[in-house]
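Subject: Structure handover

Hello,

Here is the structure I promised. Please open it and keep it beside you as you read.

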Amino acid sequence: MNVVTATRRTIRREWTTWGTLLILSVGLMGVSDTTQAHDLQSSVNWAVSPAETVLSNAADTAGSYWSALTQIDKLRTDSERLRLENQTLKEQLDRMPAISKLNDDWTKITAAQLSVPYRTTPARVIVRDLSDIRPRTLLLDKGSNDGLAPGQVVIDAGDALVGRIAEVDATVSMVLLVSDPLAVVVGKEAKSNATGTIRGSISGQLQMSYVDATTLTVGDAIVTAGEALPCTNDISPYPPMLLIGDVVNAYTDPNTPVKSATIKPAAHLTDATFVLVIVDYQGGFGPPVPSASPGPSGSLRPASSAKPGASPIAQC
């Protein structure tokens, strides 16, 4: 019973409200075209016009600020993008000299490979150790998988002697430089054929000793002799006529008739990017050389008489 009564009251209130709104709407429609209504509308418009203007200006200002903030954020994003692009271009520009040198070195080494009278394998230098307290070496990016083996001779694009392979792995190999104190090679002056023993030194230059001629002068070119080692039947591990370097100082020991010299290496030991490994030259050991022969009384006598002060190369 109470529920029915409450529902009827709710319906009655809704109809009363709707009827009141309908009467007001009809009444307002009736008076909207009157002079008083127009005057009231004009007065209201005049009263709220300043507020409307202020609100409109405020909305325009806020819109302008928001647009400016959006543009600033876009400019900041574009600036960061341009900065990164500029940095990338600068890094690429900085790498251009190195890339250009790499291309030039590769062109030179491939041209040299065609002119060398031996079968060679080009290799790239990936590590360079020129320390004074460790052996001077180069690490190449080729190894036994590429046909490289210990003892093979290494030259640069100018056919100048770089050194010999000391150790080989499957994919890399280590070259002992000719400038290392442990490196030894028999060289000769290209014109006079004056020969001598050449060793590396801590200074990086080469020392040529026991030169069996007095014609050695500054500026002479020294090449590999490529001949049997003194007092042996062993073939030189270095092919003949590979450029070793130029004489920068020649001097004579007053106690001996032989000369010594300082040689500047011709190979680019400090900055060579590519080298050539000679893979088909065979040096090696021959039969032993007798050091004495029987004398008239059955005793041993020297095979040759040594001349006092003579070079060890010329006597055994």
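Below is what was found, starting with the whole chain.

This is a predicted model, where local features need pLDDT of at least 70, side-chain atom pairs count only at pLDDT 80 or more, and totals for chains, interfaces and linings use all residues. Residues are numbered from 1 along each chain as its sequence is written, and side-chain values use heavy atoms, without hydrogens and water.

The chain has 2 helices and 14 strands. These are DSSP runs, numbered from the N terminus: helices are H or I with at least four residues, strands are E with at least two. Of the 316 residues, 27% count as buried. Buried means under 20% relative accessible area, exposed over 50%, and partly exposed in between (1.4 Å probe, protein chains only).

Now the salt bridges. The term means a side-chain nitrogen of Lys or Arg within 4 Å of a carboxyl oxygen of Asp or Glu. The whole structure holds 7 of them.

Look at helix α2 (residues 35-115), where K74 and D78 sit 4 residues apart, about one turn of the helix. Their side chains form a salt bridge (3.1 Å, N to O). K74 is partly exposed at 47%, and D78 is partly exposed at 21%. E85 and R81 also lie in helix α2, 4 residues apart, and pair at 3.3 Å, N to O. A network of salt bridges links K74, D78, R81 and E85.

Which residue does R136 meet in a salt bridge? The partner is D132, at 3.0 Å, N to O. R136 is buried, at 6% relative accessibility. D132 is exposed, at 53%.

Best wishes
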